[in-house]
2 protein chains.
Amino acid sequence: MKVNEVSWSDLEQEVAQAAFQKAYEREINALIQDVRDNAVQISELEDIWRLHNFLSAKRHEIDGKYDYNYSVLVFVFATLIKQGWLHLDELKGLDQDKLTKIGSLSRM
Amino acid sequence: MKVNEVSWSDLEQEVAQAAFQKAYEREINALIQDVRDNAVQISELEDIWRLHNFLSAKRHEIDGKYDYNYSVLVFVFATLIKQGWLHLDELKGLDQDKLTKIGSLSRM
């Protein structure tokens, strides 16, 4: 069975939804803080366009990354762990095979 | 002679450059203040994307508007006056024909 064809039990779905939400909230809160900190330092037009470029990239990244779809969720979690928005132990409750795959992918 | 084919004397060019620069600085400073005021009120992701949309529109508008080109300058000044970034009397030194045209266009 390929990694993107595995099934998720009800318990796993609960764990996955909670972890996904937690990572999302962490990243969004960090982004909000970043933008606020960044904005108070704006003193010239170039700073504004730099903020605009940063937001364009972030929007694209966040829209793409937070795709709650069981066929790709193992990859999503691996990315979130790699980027520090989630800890592997917050996925406790998923089956061992998924955890092993997520752990390995997150170190790639 | 069409309005976009008129010539600009050395004195008029000086007046135009100074007025253009003044309007640009006013608008940029207002934008910087706007972004800073706006950013401190950001509390959720939607606010960030709203700021992003605002900056996208502003960038497009400013890039398009501040076109220092004598063939279109009468129209540029009319727009700047209409939007409140410049006063007609700050263009004193341009010939009367141009001032009349700019004044009329700014009220359209």
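Predicted model: local features only at pLDDT ≥ 70, side-chain atom pairs only at ≥ 80, totals over all residues.
1. A:Glu61 has a charged partner. A salt bridge joins A:Glu61 to A:Lys65, with 3.1 Å between the closest N and O atoms. Both residues sit in helix H2 of chain A, 4 residues apart, which is about one turn of the helix. A:Lys65 is buried, since its relative accessible area is 8%. Side chains of opposite charge can pair when their charged atoms come close.

2. Two salt bridges in chain B deserve a look. In one of them, B:Lys98 pairs with B:Glu12, the closest N and O atoms being 2.8 Å apart. This pair links distant parts of the chain, as B:Lys98 belongs to helix H4 of chain B and B:Glu12 to helix H1 of chain B, 86 residues apart. Both B:Lys98 and B:Glu12 are buried.

3. The other joins the side chains of B:Glu27 and B:Lys58, at 3.6 Å from N to O. Here too distant parts of the chain are linked: B:Glu27 is in helix H1 of chain B and B:Lys58 in helix H2 of chain B, 31 residues apart. B:Glu27 and B:Lys58 are both buried. Over in chain A, salt bridges with shared partners connect A:Glu27, A:Lys58, A:Glu61 and A:Lys65 in one network. Over all chains the count comes to 20 salt bridges.

4. How many salt bridges are there between chain B and chain A? The count is 0, although 10 residue pairs are in polar contact there, both residues at pLDDT 80 or more. Helix H1 (10-40) and helix H2 (45-65) of chain B are the elements that give two or more residues to the side of chain B that touches chain A. H2(B) gives the most, with 10 residues. By type, the residues on that side divide into 13 nonpolar, 4 polar and 4 charged.

5. On the interface as a whole, 21 residues from chain B and 22 residues from chain A take part in the contact. The two chains bury about 2,100 Å² between them, and 71% of that is on carbon and sulfur atoms. B:Trp49, B:His52 and B:Arg59 supply 31% of the area that chain B buries against chain A, more than any other three residues.

6. Helix H3 (residues 73-82) of chain A is largely enclosed by the rest of the structure, because 7 of its 10 residues are buried. Those buried residues include A:Leu73, A:Phe77 and A:Ile81, and they pack against H1, H2 and H4 of chain A. After H3(A) comes A:Gly84, with a positive phi near 85 degrees.

7. Finally, is A:Asp47 buried or exposed? A:Asp47 is buried, with a relative accessible area of 15%. This residue is found in helix H2 of chain A. Not counting residues up to four places away in sequence, A:Asp47 touches A:Gln41 and A:Ile42.

Terms used: Residues numbered from 1 in each chain as written. Chains lettered and ligands numbered in written order. Heavy atoms only, no water. Contact = heavy atoms within 4.5 Å. Buried area = accessible area lost by both parts, 1.4 Å probe. Salt bridge = Lys/Arg side-chain N within 4 Å of Asp/Glu carboxyl O. Polar contact = N/O pair within 3.5 Å; in protein donor to acceptor, adjacent residues only side chain to side chain. Nonpolar A, V, L, I, M, F, W, Y, C, P; charged D, E, K, R; others polar. Buried < 20%, exposed > 50% of the residue type's maximum accessible area, 1.4 Å probe, protein only.
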